[in-house]
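Look over the sequence and the fold before reading on.

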Amino acid sequence: MKIRPVARILQSQAVSEGAGVTVRRSIGTQTLRNLDPFLMLDHFGSDNPNEYIAGFPDHPHRGFVTFTYMLDGHMLHQDSMGNRGDLRAGGAQWMKAAAGVIHSEMPQQTQGLMRGFQLWINLPSREKMTPPEYQEFTPEAIPEIEADGARIRILAGEHAGNKGVIQDPFSKVKYLDVRLSGHSTFTTNVPDGYNAFAYVFEGNARSENTELPNHSFVLFGDGESVTIQSDGKETRFILVAGQPLNEPIVQYGPFVMNTRAEIEQAFADYQSGKFASIKANVKGH
């Protein structure tokens with residue numbers, strides 16, 4: 001089985017979002033505009049509530065999926081269709097905005113900590129104007145396994161015969177949270193042809209002979225598996241992979257469609273209040 005080589009390493013960039021919240025962005029910058037099917041990856045977090053107390057007030061989305069994973073603290077969220085919830089540390093939410101969602105996300109500390117990730121995943125053209133959907137799961141619902149110095153939480157996709165709770169039927173997304181003790185090695189299968197990356201957010205790691213420093217975004221080349229080692233101390237990273245859609249991407253802020261005309265229609269629909277006309281389907285526990 002061919003191990004994927006490291007093709008590129010990027011340092012995440014500080015970006016101001018929402019009402020002034022600073023996030024570390026890796027996908028969705030001038031350096032890496034997108035990585036089909038992925039449109040954006042933000043690593044957010046702070047131990048200073050003044051830096052995020054204003055949160056992410058009401059904002060629209062159309063044409064893609066947001067995948068939010070809380071590491072520490074929790075996220076109060078609600079939308080214009082009446083859905084509301086509290087995403088706790090270790091929990092995950094897959095939100096298919098599709099035809100249109102207006103929602104708010106307000107991060108909160110727990111014992112002085114708040115951090116997590118948000119990943120944007122593109123939708124195929126046939127799904128962009130379908131009704132919104134949610135999949136949201138508590139930390140207790142997410143499978144976790146331990147083996148050979150690794151603790152692996154399986155949010156989506158499959159690892160070592162275990163399946164995650166979130167199902168992404170469009171790009172078959174695989175999403176793992178991996179913690180390695182000192183001198184441990186992690187290997188997972190990734191289908192050939194999928195785009196795959198890791199983001200190191202605690203400690204440092206290695207892949208083959210390449211160093212992967214803290215806060216680095218690691219793009220892997222072609223192959224059928226990914227191997228990452230700790231560097232002698234505990235390290236933690238997310239490993240994400242997905243099947244490309246190979247469709248045109250036209251994006252303007254929170255709207256991601258296939259043509260400019262569809263973007264203009266999104267603005268018109270948002271301004272006329274059509275985004276909250278369909279009640280979202282909610283799954284999870």
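The questions below concern a predicted model.

Q: Where does Thr66 sit, and which residues is Thr66 in contact with beyond its neighbours within four places in sequence?
A: Thr66 lies in strand β6, residues 64-72. With those neighbours set aside, its contacts are His61, Gln93, Trp94, Met95, Gln118, Leu119 and Trp120. Contact here means heavy atoms within 4.5 Å.

Q: What makes Tyr252 and Phe267 an aromatic pair, and of which kind?
A: For Tyr252 and Phe267, the distance is 5.3 Å centre to centre. Ring centres must lie within 6.5 Å, so the two rings pair. Their planes are 70 degrees apart. Over 60 counts as edge-to-face, so that is the label for this pair.

Q: What parts of the chain does the pair of Tyr252 and Phe267 link?
A: The pair links distant parts, 15 residues apart. Tyr252 is in strand β25 (residues 250-252), and Phe267 is in helix α1 (residues 260-271).

Q: How do you know whether Tyr252 is buried or exposed?
A: Tyr252 reaches 55% relative accessibility. Exposed means over 50%. Tyr252 therefore counts as exposed.

Q: What label does Phe267 get, and why?
A: Phe267 has 29% relative accessibility. That lies between the cut-offs of 20% and 50%, so Phe267 counts as partly exposed.

Q: What makes β1 and β13 edge strands?
A: They belong to an open sheet of seven strands, in the order β1-β22-β19-β24-β17-β14-β13, with antiparallel pairing. β1 (6-11) and β13 (144-147) each pair on one side only. The twist in this sheet averages 20 degrees from one strand to the next.

Q: How do you know that β19 and β22 pair?
A: Strand β19 (residues 195-202) and strand β22 (residues 216-220) share three bridges, in the antiparallel sense. Pairing takes at least two bridges, so these strands qualify. Phe197 has Leu219 in β22 as its bridge partner.

Q: What makes β18 and β23 a pair?
A: β18 and strand β23 (residues 225-230) have five bridges, in the antiparallel sense. The rule asks for at least two, so they pair. Phe186 stands opposite Ile228 in β23.

Key
Residues numbered from 1 in each chain as written. Predicted model: local features only at pLDDT ≥ 70, side-chain atom pairs only at ≥ 80, totals over all residues. Heavy atoms only, no water. Phe/Tyr/Trp six-rings, centres within 6.5 Å; stacked < 30°, edge-to-face > 60°. Buried < 20%, exposed > 50% of the residue type's maximum accessible area, 1.4 Å probe, protein only. Axes fitted to C-alpha atoms, helices over the stretch in contact; angles between N-to-C directions.
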